[in-house]
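Please open the model in your viewer and keep the sequence panel beside it.

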Amino acid sequence: MRTKSLLLAACFSFAFAPATVAQTVAGSGIAPATASNSAERAIGFAANAPEGAALAILTADSSLPAQANALLDASGREAVAAAVKAAGFDGSAGTTLSLRGIGTRPRILLVGTGASPTVNALAEAGGKVAQEMKSEAHPIAIVGSFDGAQAADVGFGFAIGQYRFDRYKTVGHKTPATGAVTLVSADPAAAQAAFDGRSKPLADGVRLSRDLANEPANVIYPDSFVARVREAFAGVPGVSIEVLDEAAMRKLGMGNIVGVGQGSPRGSRMMLVRYRGAGAPAAPLAFVGKGITFDSGGISIKPGANMENMKGDMSGAASVMGAALSLAKSRAPVHIVAVAALAENMPDGNSQRPGDVVRSMSGKTVEMINTDAEGRLVLADANEYVAKAYAPRAIVNIATLTGSIVGALSDQYAGLFSRDDALADRVIAAGKTSGEEVWRMPLHKNYAERMKSDIADIRNSSGDGPGASLGAHFVGFFVDESMPWAHLDIAGMNRSSKSTPLVPKGMTGFGVRLLDELARSGE
């Protein structure tokens, strides 16, 4: 039996190799040297559109807003009106009309927002501009009937809509255009303040989550995840970081998370990022994310088809760190602790086997039925540790936990499970506000019977039945019933096979906006 070397001590210092050079371990091959994604367009605000900029005009109907009319001469206005009529463009949400050769503007793009657009509708319009004008060589000016806060919402949409993960493209790759984008507002100072105070930090959090989840598993594994997140939080005030390595977790009795990772030469980690803003309550809100940096299924190995997507099985951990970054960078008056339960689930002579029994931090015993039901195991120890060490007022789990939830909700909603109606209502409301919606699923008392083990306290899988609900029951088994608790199964939401206005193809960063909003919503 192979023994693993412990790479780091229980608590890490800030002395890490730069994240621009991927670390390697025995058996990993040569990881690609990491680089940055191609540059994005800078976002700014002004009272007028720069000369020579392409225009993106946001409109709620077939008429142009006054701000746009002011930028066109009479012949230009007539030409746009004629094109709108000919195309039947009515300004409904998500519609576009692209025009060239009108006046001195190299391009005019009309984007419909629909009547009385919401915050999310404005953000989606901004994202639509980013994607429709991705290859536009000129600077861009966005014009519409919006105030400073609304301009910031449009800017946020543009920021996350223009995201791309192209750092490993080398052959024939065309660098996207980088001309600045200017949002025209009657009060550009207010718009800039709103953007800098909330929208940009939130976009930074989404970008961190997407970057982590999009990276290949030979670049992001438990140790390098920690290094990358430390780098993201460097210099951000109000933040403290704790990291447990395998030696510390073994000493604490965390048999679940250590067991999941024991087949990999890359040691498991538990990373906790705590942020407390001014005036925030003493007890934090805990966000606990599944961080399986690659999930082969272990001994219960997965089929080969699409297994490459299992690099994103750490999306829950990536999103709790993205939410923490957003809240900390915006200096939100909240108190949260974000927990990443990190392990790599690999088959090996030292891997745990179906039939093994392991013990959680609290002493509860688990019979392994399926080593591919591993995410719930790492969450179990993370929940118990954060409850004991940080005494949170509530725990919210987020995980790509089951394929079952995809069958139930597809890619329209994340599944929400909770024993606490008040917390569930807050999560649902935060989902609607943020645009990352959830649907509440059942946690029936009879599910406990299906998870009983003949030789331990609980089995990690029943083998059949309502998989998402049974998985949620298992996770909740390791949270005291007096603790407000919710679990989000995002297995259908963490990856997009096609681009939408706010979510380019790839890993989505789902949960960052929702958790950010939940933390701000108070009790």
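Accessible areas here come from the Shrake-Rupley method with a 1.4 Å probe. On that basis the protein, which is a predicted model, has an accessible surface of about 20300 Å², and 53% of this belongs to carbon and sulfur atoms.

**The whole chain**

Along the principal axes, the C-alpha atoms fill a box of roughly 80 × 50 × 45 Å. The radius of gyration is 24 Å, which agrees with the value near 24 Å that a compact globule of 523 residues would have. If you colour by burial, buried residues make up 56% of the 523. Among contacts with a separation of 6 or more, 77% are between residues 24 or more positions apart.

Next, select the eight strands that form an open sheet of mixed pairing, and follow them in the order 7-8-10-9-13-17-14-15. Strand 7 (239-244) and strand 15 (438-440) stand at the edges, and because each has a single partner strand, one side of each is left without a neighbour in the sheet. Looking across the sheet, you will find neighbouring strands turned by 20° against each other on average, with direction ignored.

Zoom in on strand 8 (residues 269-276) and strand 10 (residues 335-345), which run antiparallel and are joined by eight bridges. Within this pair, M271 stands opposite A340 of strand 10.

Where does S351 lie? Select the loop between strand 10 and strand 11 (357-359), in which S351 is found, and then show its side chain. Is S351 buried or exposed? Its relative accessible area is 4%, which is under the 20% limit, so S351 counts as buried.

Leaving aside neighbours within four places in sequence, display the residues in contact with S351, namely Q262, G263, I299 and M346. A polar atom of the S351 side chain lies 2.7 Å from the backbone oxygen of M346, and the side chain also reaches the backbone nitrogen of D348 at 2.7 Å.

To finish, draw a C-alpha to C-alpha distance from S351 to K200: the two are 151 residues apart in sequence and 43 Å apart in space.

Terms used: Residues numbered from 1 in each chain as written. Predicted model: local features only at pLDDT ≥ 70, side-chain atom pairs only at ≥ 80, totals over all residues. Heavy atoms only, no water. Pairing = 2+ DSSP bridges. Helix = DSSP H or I, 4+ residues; strand = E, 2+ residues; numbered from the N terminus. Axes fitted to C-alpha atoms, helices over the stretch in contact; angles between N-to-C directions. Rg over C-alpha atoms; globule rule 2.2 N^0.38 Å. Buried < 20%, exposed > 50% of the residue type's maximum accessible area, 1.4 Å probe, protein only. Contact = heavy atoms within 4.5 Å. Polar contact = N/O pair within 3.5 Å; in protein donor to acceptor, adjacent residues only side chain to side chain.
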